[in-house]
Amino acid sequence: MFSSGYANRSTSFASSAGNSTHNSTARVSTGLISEVLYREDQPMMTQLLLLPLLQQLGQQSRWQLWLTPQQKLSRQWVQSAGLPLTKVMQISQMAPCHTVNSMVRALRTGNYSVVIGWCTEELTEAEQHCLAEAAEEGNALGFIMRPVRVDTQGYGHLSGLKIHSNLYH
């Protein structure tokens, strides 16, 4: 798994009326965008890495948004993974070209603790910047899930049979 993140901390100073001392109030931003590269033939590795964070975020009052390209999340998997079924929202059948813009809009609202979107191509610097600003503004986390292509040359013939995870149904 590869992760690249963006976080920003800022400090603001407030002055008291009639007093020359400055009170320091630090505002720590939790807005973050991270790209997760994963192998489709090893879904458990990604789940093991992300599930504890998603479970913790599930304790917040905000929603979790999953922008998936084709598959629909399995209710059984969501419940067995310890995620709050009442706080997980999914939009499936989303065209890859709309994923980044949808993530930006969702992150900006502040309604979501985390927005997870699947992209097949690397993001441009401009897309990364827009996502980072949106996450900062909405005080949210965004995960770009991108499958890596496994080089199968030199490994013999691979069967066309795919065994799908119970993550989807």
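Let's start with Glu137, which pairs up with Arg108 in a salt bridge; their closest N and O atoms sit 3.1 Å apart. Glu137 belongs to helix α4 (residues 125-138) and Arg108 to helix α3 (residues 96-109), so this contact ties together parts that are 29 residues apart in sequence. Keep in mind that this is a predicted model.

How exposed are the two partners? Glu137 has a relative accessible area of 54%, so it counts as exposed, given that the cut-off for that label is over 50%. Arg108 comes in at 34% relative accessibility and is classed as partly exposed.

Searching the whole structure turns up three salt bridges. Another of them joins Arg146 and Glu35, with 2.6 Å between the closest N and O atoms. Here the link is between distant parts of the chain: Arg146 is in strand β7 (residues 141-147), Glu35 is in strand β3 (residues 32-38), and the two are 111 residues apart.

## Asp41 and Arg39

That leaves the salt bridge between Asp41 and Arg39, where the closest N and O atoms are 2.7 Å apart.

As for accessibility, Asp41 is at 49%, which makes it partly exposed, because the exposed class needs over 50%. Arg39, at 33% relative accessibility, also goes down as partly exposed.

Conventions. Residues numbered from 1 in each chain as written. Predicted model: local features only at pLDDT ≥ 70, side-chain atom pairs only at ≥ 80, totals over all residues. Heavy atoms only, no water. Salt bridge = Lys/Arg side-chain N within 4 Å of Asp/Glu carboxyl O. Helix = DSSP H or I, 4+ residues; strand = E, 2+ residues; numbered from the N terminus. Buried < 20%, exposed > 50% of the residue type's maximum accessible area, 1.4 Å probe, protein only.
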